[in-house]
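Biologist: I would like a close look at a single part of this model. Please keep the account plain and give the cut-offs for the terms you use.

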Amino acid sequence: MKAADAIIKCLEKENVKIVFGYPGVPVGPLYEALRKSDIEHILVRHEQAAGHSASGYARATRSIGVCIATSGPGAINLITGIATAYADSIPMIAITGQVRTDLIGKDVFQEADIIGATDSFTKHSYLVKDAKDIPRIMKEAFYIAKTGRPGPVLIDIPLDIQNTEVEFEYTGEVNIRGYKPTINGHKGQIKKAIEKIKGSKRPLICVGGGVMSANAEKELFEFIEKSKIPMVHTLMGKDGIPSKYKYNIGLIGSHGYKYANKAIAEADVLMLVGTRVADRATGGSKSFGKVADIIHIDVDPAEIGKNLSAHIPVVGDCKKILRDLTDKITEIDTKEWLSEIAAWRKEYAKTRPTNLKVNPQYALELLSEMIEEDAIVTADVGQNQIWTSHYLDMTHDRRFLTSGGLGTMGYSIPASVGCKLAFPDRRVVAVMGDGSFQMSMPELGTIRQNNLKIIFLLFNNSKLGMVNEYQTNVYKNTYGVELNENPDFVKLVEAYGFSGKTVNDNSQLKGALDEAMKSNKTFLIECIVSADESTL
Amino acid sequence: MNKYILSILVENHSGVLSKMAGLFTRRGYNIDSLTVSITDDPSISRTTIVVSGDEQITEQIVKQLNKLIDVIKILELSPQKAVSRELALIKVTLDQNTRSFIIETVNVFKGNIVEMNAKSMIIEVTGDEDKVTAFIELMKPYGIKEVVRTGLAVLQKGTEMY
């Protein structure tokens, strides 16, 4: 068979159901093979969205997302999607077309060194030089993407290679001598961690996105239930953790809750699980876990000691390590510590005044109340992201997807497309600002073409709100942040055959949400919010 | 700042060196010297990188390099436990008065004269970094035209191998 058919066959063997892509001549053979397969191809309107949709799909399904772009500009447009997935450790396979092997390096039409351009955003990449290598490369790529610390893997395939005849065999174990991720935690380190925790009076767990990557929520709860140790989480750690869980104190960091940060500062043993404690999580603060002995559990050894030096590092799969810890832990007397935290929570509790136009807190709390328990919510980047991270109530099956590491605007819409295609029967809501909506607006076409039913919750303050606030605080002036010639968003979505409603104050919100939820098509709720509405 | 020697076994593919070099660039690590060559196993190359930094930075470099799929193994070598050699070629200006002095120095350093004409000669010197540097310093007064140094090639002492 042709190598192009072999590639698609590999995707089928890897159980790929959907790919997100944008064709061009250098992926011609691949698309012809795709046409003949059972895999569904979703034509996006910009390659960047193919990356975000694949990454949203991967997170929602906890499997691997696949995106395809043509050579040169197509591949380059994909970079933002790849880099966003890399920053959040999302398993993804990006397949790009490349010019013919004999033309590589000659600067021909639509040629770009995509391997070089994405070197710092991919977990690994392959330029296929021999068609015979395709099954091995595909197998390795899927293995690398999903094991250890997950991440995107790029496969660049020249046009002539796609047309080469090959024998197809997709068997054998993956054996890469330079890649052997650690799975089991070191027994001695686990023992040390247990001893440290047992001797503590104010222990605290900090949960990051790694817990979700490892599918380890259940193991986390079991550990917490047995030990009675409270937890805080990073932005990436919000996904999958019920907000009202009695041991969940909430979001930490520069945009987190004051009481959660206070708990971090006062803890005597801090157990980091699947988090690299990046600058946004620590708030750049020197008091972060300052008095605590730090136990750091992560699958990526390079994260140990990178941002914070750990007293007891434990490298491995946190699902396994949490199980080992649960086996050995006993109940810790945290009553006093919990009541102390509860007192801070009361002391620092803050409610947004509700008298200004639409109150984002009210809107998101109402949304949380009204949508189904298993709804999937994506949030964009800017004030809308922080509001959602504060006020979206996570229930047991609810999901929360956002670009945490890279902070990529324009993520919410294409990511919601990925989620909806993954789970057509679940409610999908994309939360965004007027800035981020306009960054991924072309994807309305993708949504229309595939008859997807998504709710857009758009906070419109006719500004790039977060930058506006930052400039006001730092420079006492603002520049380049006005969006006062915004289009009529409702009319805009109507042009695509969707419905929409502008909501000017809180009282209209319930009706609008009700209508959106009952609607049989994509529905935009444009919430007019005051430009004075602060991030925190 | 200390000097650290990293001996790295990598897959012998194109693009591996660029991945390693790119990692140094974007994380702001400095390379003092770098050598790459094939080993007795043609599928494996050995890269020897000498870096300056503190212990924490070096630890991060090693961890980040280890994350590269094509990196098979990294050994951090301490100068005491390793044999290191560098080769330098030095083109020095000649005249009637200086020739014998230069040849004498080359002999002391167990160097070789690999090319010579009326006006200049090319000298080959092998040794550890200090020896090569000392030789170059001694040649400076005669007039050095060009110098090329290979960077350190290092192997761990003893029978152990990896």
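In which sense do strand β11 (residues 293-298) of chain A and β12(A) pair, and over how many bridges?

Modeller: This is a predicted model, in which local features need pLDDT of at least 70, side-chain atom pairs count only at pLDDT 80 or more, and totals for chains, interfaces and linings use all residues. Residues are numbered from 1 along each chain as its sequence is written, while chains are lettered from A and ligands numbered from 1 in the order in which they are written.

Strand β11 (residues 293-298) of chain A and β12(A) pair in the parallel sense, over four bridges. Two strands count as paired if DSSP finds at least two bridges between them. Strands (E, at least two residues) and helices (H or I, at least four) are DSSP runs numbered from the N terminus. Within this pair, A:His296 stands opposite A:Pro313 in β12(A).

The pair belongs to an open sheet of six strands in chain A, with the order β9-β8-β7-β10-β11-β12 and parallel pairing. At the edges stand β9 (248-251) and β12 (312-315) of chain A; each has a single partner strand, so one side of each is left without a neighbour in the sheet. On average, neighbouring strands of this sheet are turned by 15° against each other, direction ignored. Axes here are lines fitted to C-alpha atoms, for helices over the stretch in contact, and angles run from 0 to 180 degrees between N-to-C directions.

Chain A also holds a parallel pair made by strand β17 (residues 499-503) and strand β18 (residues 523-528), with five bridges. In this pair A:Lys501 stands opposite A:Ile525 in β18(A). From β17(A) the chain crosses through helix α22 (residues 509-518) of chain A to β18(A), a right-handed β-α-β crossover. Right-handed means that, with the strands pointing away from the viewer, the path from the first strand over the helix to the second runs clockwise.

As for the partner chain, 14 residues of chain A are in contact with 15 residues of chain B. Contact means that the C-beta atoms of two residues, placed from the backbone, lie within 7 Å. The side of chain A that touches chain B has six nonpolar, five polar and three charged residues. In this scheme Ala, Val, Leu, Ile, Met, Phe, Trp, Tyr, Cys and Pro count as nonpolar, Asp, Glu, Lys and Arg as charged, and the others, Gly among them, as polar.
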